[in-house]
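Subject: Structure handover and notes

Hello,

Here is the structure you will be working with. Please open it next to this email and follow the notes in order.

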Amino acid sequence: MKVRETLLGALVLAVISFVPAYSEIVQQADSGAQAQSPPPSGTQTTTVPAQAPAQGSAPLRVMVGKSLLINTTERLKRVSLTDPAIAWAQVITPTQILVHGRTPGEISLLIWDESERSRSFDLRVDVDVSACSEEEHRVFPDEQITVTPSRAAIVLSGHVSTEDVAKRAGELANAYSPKVVNVLTFGPVGAQEVLLQVKFAEVDRTALTQLGVNFISTGGGNTIGTVTTGQFGGFGTQSLSQKNGGSGTTTTSGETINNVLNLFLFRPDINFGVVIQALQTKNLLQILAEPNLIAVNGKEASFLAGGQFPFPIVQPGNGFTAVTISFKEFGVRLQFTPVIMPNGNIHLKVAPEVSTLDFANALTISGFTVPALSTRRAETEFELQDGQSFVIAGLMDNRVTDIYNKIPGLGDIPILGNFFRSKSVQKNNSELMVLCTVKRISPSNEPTAGPTLPKPYMDPAKFDKSNK
């Protein structure tokens, strides 16, 4: 009886000593115990070489909730994992190990063969990013987004078009993991360029009609005087002098005409004259500019066809006043910023402007004339597809200026009152149209083709008959 109890205690002690102290999973690799079985469906398979270094030769990776099947060329005796909470391992056959990922982390996998030779491998368990990657590419098909795992975090890398796309991609990844590392870059890409072909067309029409009469009498009908509305021209100082003669006293007058306008008549026999302003003017101005601008995606490009004029700026100082000169630009100006959208459309911010010098509203300072600027400007944002055009029209400016002067009483007389009235009618009509065409282009390494000649080179056989 004592012999049986001694043998039973020794057997229990042998079984306890065979179990590892750090909860390793041990299975005997007996070829007769179980037959070869196929790997479970949906698992990854890797092969461990026979002559591998002792430490950290081949890092292994498995996703959380997925399995990894490891094939070896040598028969195994037992396996061990440093932390069973991160991964779980089971010997399927004497040459196969099934590793299942539980939680993200990095541990060591140790295996022993039948000769008690051990090998160690780094095993990394990452989160599963396959579903997140498919969803990112479905929502943003035209963006370059790469989804990779890093233990418990999802890493988003690549380049996207705008900052808003990068933020939305990060929010989408948060649905699959609370830890998201968003290293997406955004902004313009140098290889993407936009060509803008612009045509400016401006027509400016001006019509001016002036009509007025000034009368002068130096003694006709024993009357000396002038009649004028003061709108066109006028008369200067008048002088009267008396002379005593044999027949009595006579009065003579002197009159100065400041402006003879465009028609002047005088009858010396009756001492009566008239100055007439009868003028009709028509002006037509056409401005046409066709600039072609190339801009990098997201960058602003500008164009100016015109010039600059000096503009004085008064700067008061201590006891003196300084005048500095600043230059203002005028002419045909265009500023635009293209942004290529993820769907291939081109978003444009366009600001065309046409300005001219306006001397009618000029300002005179210390003898210097500073002209005003007449400006037509538009600013808008819109989207177009490659090769489409848009037109900005309706920038019209119609002005009618009527100025009438008359002498009270005399100007109200029917028919004859027209001689005591003057008028000036000015009509301005200007219209601006901007036509833009956008095209998406890219740099090319091909050599630029030379200009085509209007006629081919001369054939020496036909030009010089002596060569025949």
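This is a predicted model: local features need pLDDT of at least 70, side-chain atom pairs count only at pLDDT 80 or more; totals for chains, interfaces and linings use all residues.

Residues are numbered from 1 along each chain as its sequence is written, and side-chain values use heavy atoms, with hydrogens and water left out.

Salt bridges

Side chains of opposite charge can pair when their charged atoms come close. The rule used here asks for a side-chain nitrogen of Lys or Arg within 4 Å of a carboxyl oxygen of Asp or Glu. By this rule there are 14 salt bridges.

One of them joins Glu 74 and Arg 117, with 3.5 Å from N to O. Glu 74 is in the loop between β3 (67-72) and β4 (76-81), and Arg 117 is in the loop between β7 (105-113) and β8 (118-126), so this pair links distant parts of the chain, 43 residues apart. Strands here are DSSP runs (E, at least two residues), as are helices (H or I, at least four), and the numbering starts from the N terminus. Glu 74 has a relative accessible area of 17%, so it is buried.

Arg 124, already mentioned, forms a salt bridge with Glu 106, and their closest N and O atoms are 3.8 Å apart. Because Glu 106 lies in strand β7 and Arg 124 in strand β8, the pair ties together parts that are 18 residues apart in sequence. Glu 106 counts as partly exposed, at 35% relative accessibility.

Glu 353 and Arg 377 also meet in a salt bridge, at 3.0 Å from N to O. Here Glu 353 is in strand β22 (residues 346-365) and Arg 377 in strand β23 (residues 368-377), 24 residues apart.

The loop between β7 and β8

Glu 116 is found in this loop. Glu 116 has a positive phi of about 65 degrees, although it is not a glycine. At 36% relative accessibility, Glu 116 counts as partly exposed.

Aromatic rings

Rings of Phe, Tyr and Trp (its six-membered ring) pair if their centres lie within 6.5 Å; planes under 30 degrees apart count as stacked, over 60 as edge-to-face and the rest as tilted. The whole structure has 2 aromatic pairs. In one of them, the rings of Phe 309 and Phe 330 have centres 6.2 Å apart and planes at 55 degrees, so the pair is tilted. Phe 309 lies in strand β20 (residues 301-316) and Phe 330 in strand β21 (residues 321-340), so the pair ties together parts that are 21 residues apart in sequence. Phe 309 is buried, at 7% relative accessibility.

Phe 311 is also placed in strand β20, but is partly exposed, with a relative accessible area of 31%. The C-alpha atoms of Phe 311 and Ser 326 are 5.0 Å apart in space, and the two residues are 15 apart in sequence.

A charge sits over a ring if NZ of Lys or CZ of Arg is within 6 Å of the ring centre and within 35 degrees of the ring normal. Arg 78 lies over the face of Trp 112, at 4.4 Å from the ring centre.

Cysteines

A disulfide is a covalent bond between the sulfur atoms of two cysteines. How many disulfides does a search of the whole structure find? With sulfur atoms within 2.5 Å as the cut-off, the search finds 0. Cys 132 is buried at 1% relative accessibility, and Cys 436 is buried at 0%.

A buried valine

Val 350 is in strand β22 and is buried, with a relative accessible area of 0%. Val 350 and Glu 381 are 31 residues apart in sequence and 6.3 Å apart in space, C-alpha to C-alpha.

Regards

How values were computed: Buried means under 20% relative accessible area, exposed over 50%, partly exposed in between (1.4 Å probe, protein chains only).
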